[in-house]
Amino acid sequence: MYTEPINNLNLKLEAWTNVITTSKYNPFYYHGALPQFYLWVLYLSGLLLFAYYIPTIDNAYSSEKLINAWTSVNYITNTIPFGAVFRGIHRYAGDAMVVTILLHMLRVWITDRYRQYRIVQWLSGVVLLVMVLFIGQTGYYLVWDERSLILTRMTCSALDAIPLVGTGLKTWFLNGTELTNYTLANFLFIHIGLSFALLFGLWIHYVRMTRPVLTPPPVINYILMAAILLVVAWFPIESGKMADLTSQPNTFEVDWFFLFPYAMLTSMQPGIFWLTMLAGVVLLCVVPYFVRTKEVEPAEVVLKNCTGCSLCAKDCPYQAIEMVPAPAESRFKLLATVKPYRCSGCGVCVGACAFDAIDLPNMPDADVTAQIKALLQS
Amino acid sequence: MSLVCERSCDLNAQLDSQGRLTAVPEVQVVKFPCSGMIQPLMVEAAFKAGATGVIITGCQLGDCYYREGNRMIRERLLGGRPPGLKKTVDRRRVIGLWLSRPQASRFISEAKEFLAVVTELGPVAPEPAKPTPAPKPAPQPKSEAKSEPENNKAPAGEAKSSKATAPADPGPEPAAQPKSETKDEPKTESKPEAKEEGKPES
């Protein structure tokens, strides 16, 4: 494997971490659970923001004072108790989620745990990453300061440049042909709706894993949360100027975790931009196929020995064993069957079986026992 | 006898043609794709065939390449997950080492230490040994793990035949033993390099 040298370094690093944290609290071993934790944080902090957020550009029907998205965000930040903290948490937890996702991705790549029987996890992970990035961007539209206006306009022109479907997508995005009150309502829906769609994506991400590790030990959660709070305290969020549809602002601050596509858009043609993005996603999707290694040889059930005790099905880490009703002539009720495309060939099922009823075809347990005996006799 | 996961510490460079550890020729190595594949039956078979001790090696706990294999075999040996190890198997002779790929030297030093302990324990008693109320090895202090259950047995000479009573340990004991071994695992993690160079082979 071409990542082997990096992996050895990585494993040494993790071994050192183990010295400090012990393996039970080693954050490296919870790399997938970290973004999941930040997702919960985002849901909860977003709930409060959602309660006070008003998705409009102006209040055409109220003459007293201007109430719109920007002023409501302002209200949350300055008037609601702890509003600024929640807003800060929501922003920085989003950044942290992207960072942890990238680390998670890097680690599964380095340790070679993304191919073959893990392909569904990898591909759904790529989709989830794209979704998270897009959701984060829509969060930047919602605050409705000048940056939001620039980003919205840039998105419109970029969408417009797509042949055939571009105009339609733009109408979809703006909820009409131009920026109106409906637009922000749509942004809010995209932001929240897609966030919950993440849960569906995550279900696919997890469904082939038995007992996925979703929650780090509380200590790690506290540390993650403390890290966010520290950043919130040090770098409080400030809104830019309120967006003014008649103005043409043209500089904006880039949050590199989410807004890098816009930084790219400023320096390249929309067509090239879309091709680059597409190429990036496709590249991520095909990475698992770059490596050719030997095929997995799935475990095989020895039908006459299987008692249907289902220990192997319980222990299989990849949901690759299903218990089916045994044939009528059998003495037992159930029979184990292997789904070969899910099997990793790890042999945990062999270890779980007390009846020699499941085997790796290249390494039957009878052979192993014979080998043990032969070695000891020699 | 050592049952080793292919994905944990990389022993390929350390083996001679017959699958013995060159540094510690008493240790014979059988490789598995994952430590989770090891059946407790295989451990029993090894003892039946005359092994004086069994080393089980898997990835670092929490970091199994195949997700859960090391945890599974650990729980099976400790008795928390079926199928378990027979009660008659002397728990002092089974040890779990959880090592990542670059830690071969650590494996060798641990193997030497374990070998010394097992040699001291003497040969395995034949099957029908009655579970006598053996003096339990006390729960071990953390720092010095393996050599703990010292000599409640006179070190007898050869592996195969002698009838020195190796009493089977009573029920609650298996849980205590390997656990404390694995616990102190990370403690000693950092020093493998220094150890290995110093020791010539035995």
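Residues are numbered from 1 along each chain as its sequence is written, and chains are lettered from A, with ligands numbered from 1, in the order in which they are written. Because the model is predicted, local features need pLDDT of at least 70 and side-chain atom pairs count only at pLDDT 80 or more, whereas totals for chains, interfaces and linings use all residues.

**Domains of chain A**

Select residues 31–290 of chain A for domain 1 and residues 300–377 for domain 2; these bounds come from an automatic or database domain assignment. Their C-alpha centres lie 45 Å apart. Four residues of domain 1 and seven residues of domain 2 form the contact, where two residues count as touching if their C-beta atoms, placed from the backbone, lie within 7 Å.

**Helices α10 and α11**

Next, select residues 260–267 and 270–290 of chain A, which are α10(A) and α11(A). Helices (H or I, at least four residues) and strands (E, at least two) are DSSP runs, numbered from the N terminus. The two helices pack at an angle of about 140°, with their axes 8 Å apart; axes are lines fitted to C-alpha atoms, for helices over the stretch in contact, and angles run from 0 to 180 degrees between N-to-C directions. Show A:P261, A:M264 and A:L265 of α10(A), which meet A:P270, A:F273, A:T276 and A:M277 of α11(A).

Then move along α11(A) to A:L284, where the helix bends by about 35°. This bend is the angle between axes fitted to the seven residues ending there and the seven starting there. A proline, A:P288, follows within four residues.

**The side of chain A that touches chain B**

Display both chains: the contact takes 36 residues from chain A and 40 residues from chain B. On chain A, α1 (4–21), α12 (311–315), α13 (348–352) and α14 (365–377) each supply at least two residues. The largest share, nine residues, comes from α14(A).

**Two backbone details**

Most residues other than glycine have a negative phi, and most peptide bonds are trans. A:W144 lies in the loop between α5 (119–142) and α6 (146–160) of chain A.

Finally, select B:P82 and B:P83, which are joined by a cis peptide bond with omega of about -10°. B:P83 lies in the loop between α2 (69–78) and β4 (94–98) of chain B.
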